[in-house]
Amino acid sequence: MATEGGPNIHPMEQFVVKPLFGGHELNWYTPTNVTLWMGIAVLVAVTLLIIGTRRRAIVPTRSQLLAEGLYGFVYKMIEDINGKAGLKYFPYIFTLFTFILISNTLGLVPYSFTTTSQAAVTVVLALAVFLTVTIIGLVKNGVGFLKVFWISSAPLALRPILAIIEIISYFVRPVSHSIRLMGNMMAGHAVIKVFAGFAGVLGLFSFFPIIAIMAVLGLELIVVFIQAYVFTILTVIYMNDALHPGGH
Amino acid sequence: MAAENELVQMGALIGAGLACTGMGGAAIGIGHVVGNYLSGALRNPSAASSQTATMFIGIAFSEALGIFSFLVALLLMYAQ
């Protein structure tokens, strides 16, 4: 913590949810900074994709390249893991990827707010994935979906024990799925603020922490992409259970 | 009463520090995953690009447990 002299920057202050229009009461309908930055993320995503796909030139502009790159990246990921059957759910997974990637990246802008560092946001995303996968699996395969828990390639004596482990790991999925994104975003952004706190205290020597902040920001730029990628690829893999339970 | 509260606070902060040692385990795990991927990739470079996704999944699973320890530390420090 900074003591006297220089601004006092608390690393966790950036994660406080505040109502937008003053006051301290937080109800479910109160517009907060989370609402604002989620709206901005959706706006950026929609604008990027609309501008990028408007001209459809043979020689792409930068925005078209970005939009087509995102589309092709997610398309190939689903096709590689789920095959043609998974492409039916492409819109949902593409929406998830774009939203998470853009909210993560917006969080790196100074004075912005990282919506994906809030457990409330990531838990909703992960629970939606969990429910989607379970419902699609049950509707498509009926009772056959339970083969996910019954590993037919293991020896018969081991199967009941493995079934218990599989059931536990199945229901822990939404927890680890959401906490991974939240923890990574929160930890990374807090590290930047800790270095900012050093810069506030050191005065003339704040040169060194500022270089460190630049380095950490570069690392964070990789992390925000990898976390969006990991969230999406885990969604695709969970979806694979629903589409092809048991066999691969 | 005040002394008792301070004792609880102290215990929570020590616990938060101890919880952070769990991150070392995640570090070892991630290093193991990437190291093995790299040694495999150098032996057979043509097959490497098809396995990057698997490597990231392995990293994600092993990282999740480190993040859990970070979460425990946060809960001990801020959620009492």
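Predicted model: local features only at pLDDT ≥ 70, side-chain atom pairs only at ≥ 80, totals over all residues.
In chain A, helix α1 passes helix α2 in a left-handed crossing. The residues that make the α1–α2 contact are Leu48(A), Leu49(A), Ile51(A) and Gly52(A) on the α1(A) side, and Ser63(A), Gln64(A), Leu66(A) and Ala67(A) on the α2(A) side. Sorted by class, that contact holds 5 nonpolar residues, 3 polar ones and no charged ones.

Now the geometry. Two packed helices are described by the angle between their axes and by the distance between those axes. Here α1(A) covers residues 33–52 and α2(A) covers residues 62–82. Their axes are 8 Å apart, and the packing angle is about 110 degrees. Angles from 65 to 115 degrees count as roughly perpendicular, so α1(A) and α2(A) are roughly perpendicular to each other.

One residue of that contact can be followed further. Leu66(A) sits in helix α2 of chain A. Leaving aside residues up to four places away in sequence, Leu66(A) touches Leu48(A) and Gly52(A). From Leu66(A) to Leu49(A) the C-alpha separation is 8.6 Å, and the two are 17 residues apart along the chain.

Next, a residue elsewhere in chain A. Ile135(A) belongs to helix α4, residues 119–141. Ile135(A) has 11 other C-beta atoms within 10 Å, and because 12 or fewer counts as exposed, Ile135(A) is exposed.

On to chain B. Chain B has 3 helices and 0 strands, in the order α-α-α along the sequence. Its radius of gyration is 19 Å, whereas the globule rule gives 12 Å for 80 residues, so chain B is more spread out than a compact globule. Along the principal axes, the C-alpha atoms of chain B fill a box of roughly 65 × 15 × 10 Å. Of its 80 residues, 11% count as buried. Among contacts in chain B with a separation of 6 or more, 87% are between residues 24 or more positions apart.

How do α2(B) and α3(B) lie relative to each other? Helix α2(B), residues 22–43, and helix α3(B), residues 52–78, cross at roughly 170 degrees, and their axes come within 7 Å. An angle over 145 degrees counts as roughly antiparallel, so that is the arrangement of α2(B) and α3(B). On the α2(B) side, the residues that meet α3(B) include Gly22(B), Gly25(B), Ala26(B), Gly29(B) and Tyr37(B). On the α3(B) side, they include Met55(B), Gly58(B), Glu63(B), Gly66(B) and Phe70(B). By class, this contact has 10 nonpolar, 7 polar and 1 charged residues.

Last, the contact between the two chains. Chain A puts in 11 residues and chain B puts in 10 residues. On the chain A side, α5 (159–202) and α6 (207–243) each supply at least two residues. Which helix gives the most to that side? That is α5(A), with 6 residues. The chain A side comprises 7 nonpolar, 3 polar and 1 charged residues.

Note on methods
Residues numbered from 1 in each chain as written. Chains lettered and ligands numbered in written order. Axes fitted to C-alpha atoms, helices over the stretch in contact; angles between N-to-C directions. Helix = DSSP H or I, 4+ residues; strand = E, 2+ residues; numbered from the N terminus. Parallel < 35°, antiparallel > 145°, perpendicular 65-115°, else oblique. Left-handed = near helix turned anticlockwise from the far one by under 90°. Contact = placed C-beta atoms within 7 Å. Nonpolar A, V, L, I, M, F, W, Y, C, P; charged D, E, K, R; others polar. Rg over C-alpha atoms; globule rule 2.2 N^0.38 Å. Buried ≥ 20, exposed ≤ 12 C-beta atoms within 10 Å, placed from the backbone.
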